Structure formats: structure tokens, C-alpha cells
Amino acid sequence: WGGAARTESPAFLLHEPLASRVPRRGRRLRRDANRFSVVETADVAATDKKETAKVEARLFNTETRQKDLLRPPVSGGNTYTFYSCGPTIYDTAHIGNFRAFLTYDILKRWLRFLGYGVRHVCNLTDVDDKIINRINREGTNLKALTDKYAELFFEDLKMLNIQPADDYPRATNYV
């Protein structure tokens, strides 16, 4: 994912073989400089030699159990804020754990590409039965164990080029 071109455009989300597929209803593929991107509507306007697309996005709302239209930031400003669940830091994470963090990263990159600011908070669960069992098994303390695995988690995020959240509050700071 390295390189300026990949962080400036969400086109890296799609791969060239998609060009041969039939786009889903209401979508079309647009080819730009040997890359493909999804355009939700045909409403594309040129401004200062940079094309911008008006995109209608829907996200799954866990409260209503429906896909809701992503609306402009509530504050009336230009910044979206969102909270996401983070890891339980008692062991190293596996690739399945990172699927969620990759999803958050793609959402943040896409919103930033559209010109919005993003404030992302992701918790670290540092107290849990699994953590307590591990502390007892290894004869260590809570801080030493969770600091070790939090550091490994952040190293993995960096290695995967996942943009970090703005804040990582720990559960023990609030219980």
C-alpha cells in the first residue's frame, strides 16, 4: 500500500480483473491512469483538473440492523468521528483479527480522499478473563502483559500500513 499514489486514491481497493465484470446496479467502473475506481453516480464534476465524485454510501447500523445512508458530520463541520472496537491485548493478533482494522482503515482513507477529516478512537481491552488467566499462567502483572501485546499490535498495524487511530483508550482507565 506504500507510495503516494495509493494513499491519494481509493482506486487501490479494486483490481484490474474487475474491469471484465458487470458492475452492480447503480455503479459503474471508471478507468483512470490504468486504475479502476467505483463511481456510485454519474455525477462527476471537474474542478481544478481534479475529478471529484459525489458518492452515496451506506453503512450497516448495528442499532437499527439496517444499512443507513452515510450523512454529513453531525457537528456541521467537515470531520467524521467514529469509535471502533480494538483488540483484547493478551496475545499476538492473527490475520483474521486484522480484517476489522483493515476495514476501518479503508473507511478512513476513503473519507479523507473525499476531503473529510476523520477522528477515530479505537479501544484496547486490557482486562478480560483471558488476560487474567494468562497473567496467572505466566506469573506476570497486568501492565507488563498488556503493554507487551499492545506494542506488538502497533508494530503489526505499522507493518500492514494501516493508519492508526487518533486515540487508543484502555478499558482499565475507565472501569
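Predicted model: local features only at pLDDT ≥ 70, side-chain atom pairs only at ≥ 80, totals over all residues.

Reply: Residues are numbered from 1 along each chain as its sequence is written, and side-chain values use heavy atoms, with hydrogens and water left out.

Me: How many helices and strands does the chain have?

Reply: Helices (H or I, at least four residues) and strands (E, at least two) are DSSP runs, numbered from the N terminus. Here there are four helices and eight strands, in the order α-β-β-β-β-β-β-β-α-β-α-α.

Me: What span should helix H4 have, and what is the distance between its end C-alpha atoms?

Reply: The expected span of a helix is 1.5 Å times one less than its number of residues. For the 18 residues of H4 (residues 142-159) this gives 26 Å, and the end C-alpha atoms are 26 Å apart, which agrees.

Me: Which residues of H4 are buried, and which are exposed?

Reply: Buried means under 20% relative accessible area, exposed over 50%, and partly exposed in between (1.4 Å probe, protein chains only). An α-helix has 3.6 residues a turn, so residues three or four places apart point the same way. In H4, Leu145, Thr146, Tyr149, Ala150, Phe153 and Leu157 are buried. These residues lie on the same side of H4 because they cover an arc of only 120 degrees around the axis, taken from the directions from the helix axis to the C-beta atoms. Lys143, Lys158 and Met159, on the other side of H4, are exposed.

Me: What covers the buried residues of H4?

Reply: The cover includes helix H2 (95-113) and helix H3 (129-138), where contact means heavy atoms within 4.5 Å.

Me: Which residues have the most contacts inside the largest nonpolar core?

Reply: A nonpolar core is a set of buried Ala, Val, Leu, Ile, Met, Phe, Trp, Tyr and Cys residues joined through side-chain atoms within 4.5 Å. The largest has 15 residues, and Phe98, Phe101, Leu124, Phe153, Leu157 and Tyr168 have the most contacts inside it. H2, H3 and H4 are the elements that give two or more residues to this core; H4 gives the most, with five residues. Apart from this core lies another, of six residues, among them Ala57, Phe82, Leu111 and Val118.
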